[in-house]
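Me: I would like to go through the terms used for this model and see what each one rests on. Please set the values against the cut-offs.

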Amino acid sequence: MGVHECPALLLLLFLLLPLGLPVLGSPSRLICDNRVLERYILEAKEAENATMGCAEDCSLSENITVPDTKVNFYAWNRMEVSQQAMEVWQGLAVLSEAILRGQALFVNSSQPSGTLRLHVDKAVSGLRSLTSLLRALGAPKEAISIPDAASAAPLQTFTVDTLWKLFRIYSNFLRGKLKLYTGEACRRGDR
C-alpha cells in the first residue's frame with residue numbers, strides 16, 4: 001500500500017466512526033444494531049414534523065395508497081416470523097411505491113421547497129437502504145410471491161393526500177411493524 005492510499009483509508013474510517021456503526025461489522029446483522037434503525041426512524045420523524053404545519057406546499061395532487069400501520073400486538077406475537085416478514089415486505093413495497101409516487105408528484109409541483117424535497121429524497125433513499133438491510137438479514141422476501149400471498153390475509157391499505165400524512169405513515173411503519181419484525185428476527189437469529 002502506497003503512502004497516498006493510507007490517508008484515503010484513514011479518511012474513510014474517520015467518516016464511518018462518527019456514525020457509531022461497526023466499521024468491520026457483518027452487513028447481514030447491521031439492521032440488528034438498534035442505532036441503525038433508530039437513525040431511519042429519526043429521519044422519518046423529522047420529515048413528519050417538518051410537514052406537520054405545512055398546508056399548500058404539502059398537498060398532493062392525487063391520493064396515494066399507503067399500508068395500514070396499526071399493529072394488533074396479540075395477533076402479531078402469535079404470528080410466525082415468516083408471516084411477520086411477509087407483512088413487512090408487503091408494507092414496505094406499498095410504502096416504497098407511495099413515497100416514489102409522492103416524490104414524482106412533488107417534483108412536478110409548481111414550487112417545490114428545498115427542505116421538503118430533501119425530506120422526500122431522504123425517505124426514498126432510506127427505504128432503499130432498509131430494503132437492502134432486510135435482504136441482508138435474510139428476511140424471506142419470497143413470502144410475498146403469488147402462491148404464498150394467496151393464502152395470506154391481504155394487506156390493509158388506505159389513501160393519503162398530503163406529505164405530512166405520507167411521512168406519518170412512513171414513521172409509524174418504521175417504529176411499528178418494521179422495528180417489531182427486525183427485533184424478533186435478530187433475537188431469533190433468523191437469517
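Reply: To begin with handedness, a crossing is left-handed if the near helix is turned anticlockwise from the far one by less than a right angle, and right-handed if clockwise. The crossing of α5 and α7 is left-handed. The model is predicted: local features need pLDDT of at least 70, side-chain atom pairs count only at pLDDT 80 or more, and totals for chains, interfaces and linings use all residues. Residues are numbered from 1 along each chain as its sequence is written, and side-chain values use heavy atoms, with hydrogens and water left out.

Me: How do you know which helices and strands the protein has?

Reply: Helices (H or I, at least four residues) and strands (E, at least two) are DSSP runs, numbered from the N terminus. The protein has seven helices and two strands, in the order α-α-β-α-α-α-α-β-α along the sequence.

Me: Why is α5 called roughly parallel to α7?

Reply: Axes are lines fitted to C-alpha atoms, for helices over the stretch in contact, and angles run from 0 to 180 degrees between N-to-C directions. The axes of α5 (residues 114-137) and α7 (residues 163-188) come within 12 Å and cross at roughly 15°. That makes α5 roughly parallel to α7, as angles under 35 degrees count as roughly parallel, over 145 as roughly antiparallel, 65 to 115 as roughly perpendicular and the rest as oblique.

Me: What makes L130 count as buried?

Reply: Buried means under 20% relative accessible area, exposed over 50%, and partly exposed in between (1.4 Å probe, protein chains only). L130 has 1% relative accessibility and therefore counts as buried. Its place is in helix α5. Of the protein's 191 residues, 37% count as buried.

Me: Which residues does L130 touch, beyond those up to four places away in sequence?

Reply: Contact means heavy atoms within 4.5 Å. On that basis L130 touches I31, L37, Y40, L174 and L178. L130 and I31 are 99 residues apart in sequence, yet their C-alpha atoms are 8.1 Å apart.

Me: What makes a set of residues a nonpolar core?

Reply: A nonpolar core is a set of buried Ala, Val, Leu, Ile, Met, Phe, Trp, Tyr and Cys residues joined through side-chain atoms within 4.5 Å. The largest one here has 45 residues, and I99, L134, L163, Y170, L174, L178 and Y181 touch the most other members. Its largest share, eleven residues, comes from α7.
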